[in-house]
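My notes follow in the order in which I looked things up.

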Amino acid sequence: MSAEQTAAGHATGGDTAAEHTVGGQAAAGHTAVGHPAAGDAAAGGTAAPSRSATHCPYCALQCATVLSGGRGQTSVEPVADFPVNRGGLCQKGWTAPAVLGVADRLVTPLVRGADGELAPAGWDEALDLVAGRLAHIRARHGADAVAVFGGGGLTNEKAYTLGKFARVALGTSQIDYNGRFCMASAAAAAGHAFGLDRGLPFPVSDLDGAEVVLLAGANPAETMPPLMRHLERADLIVVDPRRTRTAELAALHLQPVPGTDLALALGLLHLAVAEGLLDKEYVEQRTSGFDAAWEPCAAWWPERVEEVTGVPAEDLRTAVRMLGATRRAYVLTGRGVEQHSKGTDTASAFINLALALGLPGRAGSGYGTLTGQGNGQGGREMGQKTDQLPGYRSLTDPAARAHLAGVWGVDAGALPGPGRSAYELLDALGTDGGPRALLVFGSNPVVSAPRAGHVTERLGALDLLVVADFVPSETAALADVVLPVTQWAEEEGTMTSLEGRVLRRRAHLAPPPGVRSDLEVLGALAVRLGQPAHRFPTRPREVFEELRRATAGGIADYSGISYDRLDAGEALHWPCPEEGHPGTPRAFLDRFAHPDGRARFTAVEHRPPASEPGGDFPLYATTGRVLAHYQSGAQTRRVAELAGAAPEAVVEMHPDTARRFGLADGDLAEVSSVSGTARARVRVTGAVRADTVFVPFHFPGAGRANLFTSDALDPRSRMPEFKVSAVRVAPAGERP
């Protein structure tokens, strides 16, 4: 963490205080999460409740909060007895109400005129225009000429309706979402290993009892600080090429060469066997496939791993011995090991390690992945992913198609099959055979997509770009039509946290005049496209009731969860297959979700990243988050306190690297790869390897880190390789 971040930030474990006010003073007192505040109003209502129990709009921890005060005076306070944040919030959570009153809030539809400028328009004008042009494009080019791009921050109700809208109202296969850039590799690995993908298959609070935790490619001290409260007792082993704030707290920091995490994981499994730490009884009784997984590991002895990764062999031995010395150990992965062209295999290798040690499916130990976006878990279960239907069903499964067709009242044969994955969809925009129109809900791909310059060009080649958002994001600035929608404190719905717990989001404020909910937008467009109004309900509770039927019998079964149960304070984790079912806070205790009840080892082999340093591009570049910002920064860059803490893109580099390339702290530098060039302010630090630079991805314009990231994709998850790029650095405006 930088000095300026430390000065402006909050405590590592999530700052605790009575209240935090934006624009005024908050009322004292406490409202228990799980019970609606008096006067709770749905989006579109007129009365705001005095106090509303809800959850933070940012990461997948979904910290519980209480909002009070009206618009311009909204105050937030954390909930002391919610087991995830226990009265703490990070800097982003404390300042979340500020986004409700940003000066450039979108409050009226905008339509691009003949002069090329966006101008205010009425709702009927905007929706008629969108529906008319969509119908024209579909008639001329076919249903797949229209595409939809969703987001992992959408509520379950919105994600569900978006997938249904694409497949039923538009008839297109071309839908995916930005979770492909976040959780796809971990989801693919966990689904294959366990038969079920839930970020944490146990409650966050179980980590309180951990004695050793391996954090591979995760930096929760900056990305989700309240989680650190649950890790205070544990000895941490942190795998990260940077000495992050989390690594500073670790008992052991393994600092590999970027792109070599898979080799490191193979080496750790090799050592677990060599040191006699393999749980043979567990492997025999609860798993399958160990012999095939062990075969490639046999060649990864410690000294070979050290040669490839740069991690000392003795540190590898220490890590394995720490994990093997206790039954209360966890292996947790994050984007650092997953956002690679081999991310699924790398996540699988860490799962193999956990299985070899006998950790998953036992109380007090386990494997999990730290889901990033606010509804990153629910968002990938509800059908906005191109190959999935609600309930985590496969779109190619005839029984799943028949079930959803029955719920939706349509012919199963009319449902399209899988389409392009997120980057491949964006790459195809405006090309022969590619989509000619794109609707974007809850995403900002101009900043967040790899090869961002290329993606921006593809967006510009569309016949129609429609963006629904509550602030004028960089993607909205390119749109032909911008539709203003509600944000978190103005809407009802549910979110699913990283531990699979379904939570109630509650409206505290009525939306500004002229703003509609995403459900209302989708419903209005569906009707204009010829759908009966009853097929696309716009009330969140009604959508959730349909969602329950849609997910019934699926892997992610929500059919036993209801607003009434959530509002009564029940803690419900999916699967929850029937009314009265207590939910499943801890999966796999009796059996894994495969038909034979066993977890599966996966045979994987190390391979290099798609681009390695050499010649004109002698350095590794990796990307990630900083404490003050979230995702593309469209929200957090508009909050004065957060923008003050991290005002611009930086490039962290080792002092030796800076000297080698003629740069000094505070200089403006160019970071270039074969994909493109970003500009960032130099921050000289010993926290990064001398062969590596780090650039956060939250910033717009020339500061976009994704200008230099590549389009190399994981063959299984279609995850782009955000974490490794071969680059050069130079003073801005100069070329080496």
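I count two strands as paired if DSSP finds at least two bridges between them. With that settled, I looked at V467, which stands opposite V482 in β21. I keep in mind throughout that this is a predicted model.

**Entry: strand β21**

I wanted to know what lies on either side of β21. Strand β20, residues 464-469, runs parallel to β21 and is joined to it by 4 bridges. Strand β7, residues 110-112, pairs with β21 over 2 bridges in the antiparallel sense. In that pairing I found V111 opposite V481.

**Entry: the three-stranded sheet**

Next I traced an open sheet of 3 strands, and I read its order as β22-β23-β24, with antiparallel pairing. Its edge strands are β22 (493-496) and β24 (572-573), each of which pairs on one side only. Between β22 and β23 (residues 501-505) I found 4 bridges, with the two strands running antiparallel. T494 has R504 in β23 as its bridge partner.

Which helix lies across β22 and β23? I found helix α4, residues 156-170, running at about 95° to β22.

I then followed the chain into the loop between β24 and β25 (599-600), where P575 has its place. The peptide bond from W574 to P575 is cis, with omega near 0°.

**Entry: the barrel**

I traced a closed barrel of 6 strands in the order β26-β30-β27-β29-β28-β31, and its pairing is mixed. From one strand to the next the twist averages 45°.

How do β26 and β31 pair, parallel or antiparallel? Strand β26 (residues 619-624) and strand β31 (residues 725-731) are antiparallel, and I found 3 bridges between them. The bridge partner of Y620 in β31 is A726.

I turned to the packing of helix α3 (residues 123-141) with helix α20 (residues 518-528).

Which residues make the contact? On α3 I listed W123, D124, L127, D128, V130 and A131, and on α20 I listed V521, A524, L525 and R528. By class, the contact of α3 with α20 has 7 nonpolar, no polar and 3 charged residues.

**Entry: helices α11 and α12**

In α11, P302, E303, V305 and E306 meet A313, L316 and R317 in α12. I sorted the residues of this contact into 4 nonpolar, no polar and 3 charged.

**Entry: backbone checks**

Most residues other than glycine have a negative phi, and most peptide bonds are trans. I therefore noted the exceptions that came up.

R451 is not a glycine, but its phi is positive, near 50°. I located R451 in the loop between α18 (445-448) and α19 (452-460). R451 is partly exposed, with a relative accessible area of 24%.

R718 also is not a glycine, and its phi is positive at about 65°. R718 lies in the loop between β30 (692-696) and β31. At 25% relative accessibility, R718 counts as partly exposed.

**Entry: A399**

Last, I looked up A399, which has its place in helix α16 (residues 398-408). Is A399 buried or exposed? A399 is exposed, because its relative accessible area is 54% and the cut-off for exposed is over 50%. I also took the separation from A399 to H698: 299 residues in sequence and 42 Å in space, C-alpha to C-alpha.

Methods. Residues numbered from 1 in each chain as written. Predicted model: local features only at pLDDT ≥ 70, side-chain atom pairs only at ≥ 80, totals over all residues. Heavy atoms only, no water. Contact = heavy atoms within 4.5 Å. Nonpolar A, V, L, I, M, F, W, Y, C, P; charged D, E, K, R; others polar. Buried < 20%, exposed > 50% of the residue type's maximum accessible area, 1.4 Å probe, protein only. Axes fitted to C-alpha atoms, helices over the stretch in contact; angles between N-to-C directions.
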